[in-house]
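Please examine the sequence and the three-dimensional structure shown here. The paragraphs that follow begin with individual charged pairs and then turn to the chain as a whole.

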Amino acid sequence: MEKGIFTHYQTIRDQAHLIGEKESRGCCYADSWGSVPFQRMPNVWLEPGPDQVNLNDLIVGVDDGILIDGDGSYSIDQQRYNFQFGGDAFWEIKGGKKGRMVSQVAYQAKTTDFWTSCDAIAGPAYFQQYGALNDGKGEPTQLNGVSHGCSPARFRQANVIQTD
Amino acid sequence: MLTREEAKKLTDRVLSMTKFPECSVSLNYSEAASIRFALNGVTTSGFQVSQSIAISVSKDNKTGSTSLAEFDDKSLRAAMQRAEQLAEVAPPSPEHMPGLGPQKYAEYENFVEGTAAARNPEMIPGVRTVIEAARKKNLVAAGFFQRDANVNATANKAGLFAFERWTDSRLSSTVRTPDGSSSGWASRQSPDIAKVDGEAVAAAAAGKCDQWRNPKPLEPGNYTVVLEPTAAADLVQLMGFGARAAEEGRSFLSKKGGGILLGEKMFPEYITLRTDPFDRRVPATAVGNAGLPAAPVSWIEKGVVKNLFYDRYWAKQTGKQPTPSVGSLILEGGTDSLEALIGGVERGLLITHFFYIRAVNPQTLQYTGLTRDGLFLIEKGKVTSAVGNFRFNQSIVKLLQNTVKVGVAERAQGFEGDGMITPPLVVKDFSFTSTSDAV
């Protein structure tokens with residue numbers, strides 16, 4: 001994605017010709033010498049926002065919302081339409097201020113709706129590198145380590161649910 | 001296949017390579033043959049031999065571990081040295097348990113020679129059956145047929161030697177319409193490859209794809225559901241009965257304010273959930289948890305919580321016996337067919353299986369995930385239409401508490417986990433929280 005426009009697929013050599021390209025985009029992985037290599041996601045980062053934007057700027061612009069920190073439960077369908085994610089810690093945001101901690105929070109959305117609702121990203125000073133060692137795909141399942149990095153980002157009108 | 005004698009010789013050799021007071025060795029060897037198919041044709045035929053040795057050494061409660069796949073003396077000695085170096089710098093574990101001494105195991109194995117010897121001639125008929133069924137309906141089949149034969153040998157310096165062999169086989173297929181607008185799935189598995197029913201996989205996968213065309217959207221909410229055995233297995237296999245978590249207040253088996261729910265009737269009378277390593281339908285062995293002799297364990301009997309799982313450390317701390325077995329779960333069934341269960345539902349949903357199932361709240365066993373490959377509306381005891389996929393958020397404890405009927409039990413395994421033996425279930429108030437456009 002570049003400036004909100006979808007520009008390239010993540011391809012392997014066998015797929016490039018299907019979309020009229022001459023070479024792959026290097027997304028072929030196997031998790032061991034004995035596994036069949038196939039297309040899967042490479043490391044993916046979200047570009048930080050402008051230098052001057054900080055986390056508080058994102059919070060100030062929210063009248064009624066939730067601040068989510070860290071990593072929690074995650075699940076997404078096979079075509080990446082419907083996802084549900086949790087977090088590690090949650091705070092209410094009321095009237096542009098971070099308030100009390102809350103629990104039992106998860107958010108669900110359709111991928112494209114969610115990213116369309118992103119209206120602010122904090123600057124490079126807030127960028128942090130994260131990732132997962134157990135990204136699963138395939139039958140039999142193969143595990144892959146992936147790196148993801150981002151700065152805090154704000155999404156409008158996400159569907160937040162209360163869990164058990 | 002690696003023999004008992006060869007395994008003993010090899011583990012003895014590794015154990016002799018250290019002067020540390022404690023050393024344990026786990027040797028794994030497997031042979032797997034497979035056929036992968038897609039676009040109604042075979043794409044890959046595979047045969048894979050894997051071997052590995054995991055070495056663990058301990059001294060003064062400090063443990064170092066490593067593993068390797070080369071069994072020559074030089075490699076083994078280098079691995080042993082690495083494990084010893086790691087143990088030297090590791091912090092002592094306050095929960096370290098000394099190696100288990102010699103054990104006596106039941107004369108039992110579920111190793112089917114026909115499965116261990118099977119190659120393409122034994123697997124192609126099943127694959128062909130699925131592809132032909134798809135072609136006949138102008139559908140597109142993809143899938144995987146694999147069989148494996150496995151050996152594990154565990155030995156330690158305290159004198160333990162356990163040797164186990166088992167086989168398993170599985171044919172699964174996803175059948176889709178050429179335009180990708182409908183999808184069906186089915187799987188059959190058995191330690192005996194001769195019992196893997198290709199006709200059943202073909203009929204179910206192609207049939208569901210055919211039937212699921214033009215799904216209509218329904219509003220999310222609470223529905224009565226009929227879970228086919230795979231859908232039931234996807235969720236019920238996630239039940240855990242750890243004593244430590246219960247006693248430390250971290251589990252659905254913890255009582256509010258202290259204490260545990262052992263002995264309490266938490267579920268309906270017809271819910272009995274147990275482990276049986278000696279059931280021929282599952283690929284289990286006579287060697288149980290942590291090298292203990294395997295034995296059947298009842299977790300829930302007629303709705304009552306009967307046993308909790310104690311590992312060796314927690315058993316010692318609490319003065320209990322360690323639990324011999326986990327896994328090989330069996331949810332007792334009844335006599336009703338799936339069709340009979342559907343026939344008894346006034347309005348509900350029939351679920352084939354689930355996808356991407358993850359814990360939301362470990363304490364209530366609330367999980368989330370999505371329906372996939374066939375979701376159908378039941379009205380007045382009959383399947384009346386295809387329905388668009390849903391995301392669920394559902395506690396598995398509540399699922400068993402809300403189960404109103406069970407059918408005939410069978411072995412079932414979905415995309416995730418080892419599966420189990422379970423009947424189809426009728427469950428009221430199953431919670432769907434959003435829709436998904438995925439096919």
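In chain B, Asp12(B) forms a salt bridge with Lys8(B), their closest N and O atoms lying 2.9 Å apart; a salt bridge here is a side-chain nitrogen of Lys or Arg within 4 Å of a carboxyl oxygen of Asp or Glu. The model is predicted: local features need pLDDT of at least 70 and side-chain atom pairs count only at pLDDT 80 or more, while totals for chains, interfaces and linings use all residues. Residues are numbered from 1 along each chain as its sequence is written, chains are lettered from A and ligands numbered from 1 in the order in which they are written, and side-chain values use heavy atoms, leaving out hydrogens and water.

Both Asp12(B) and Lys8(B) belong to helix H1 (residues 4–15) of chain B, where they are four residues apart, about one turn of the helix. Helices (H or I, at least four residues) and strands (E, at least two) are DSSP runs, numbered from the N terminus. Asp12(B) is partly exposed, with a relative accessible area of 35%, and Lys8(B) is partly exposed at 34%. Buried means under 20% relative accessible area, exposed over 50%, and partly exposed in between (1.4 Å probe, protein chains only).

A second salt bridge joins Arg165(B) to Glu109(B), with the closest N and O atoms 2.7 Å apart. This pair links distant parts of the chain, 56 residues apart: Arg165(B) lies in strand E5 (residues 161–176), and Glu109(B) in the loop between helix H2 (73–89) and helix H3 (113–117). Arg165(B) is buried, at 18% relative accessible area, whereas Glu109(B) is partly exposed, at 33%.

Arg274(B) and Asp276(B) form another salt bridge, in which the closest N and O atoms are 3.7 Å apart. Arg274(B) is partly exposed at 21% relative accessibility, while Asp276(B) is buried at 15%. Elsewhere, salt bridges that share partners connect Glu95(B), Arg244(B), Glu248(B) and Arg250(B) into one network. Over all chains, the whole structure holds 27 salt bridges.

The chain as a whole can now be considered. Chain B has 10 helices and 19 strands. Its radius of gyration is 24 Å, close to the 22 Å that the globule rule gives for 439 residues, so chain B is as compact as a globular protein of that length. This radius is taken over C-alpha atoms, and the rule is 2.2 Å times the number of residues to the power 0.38. Of the 439 residues of chain B, 54% count as buried.
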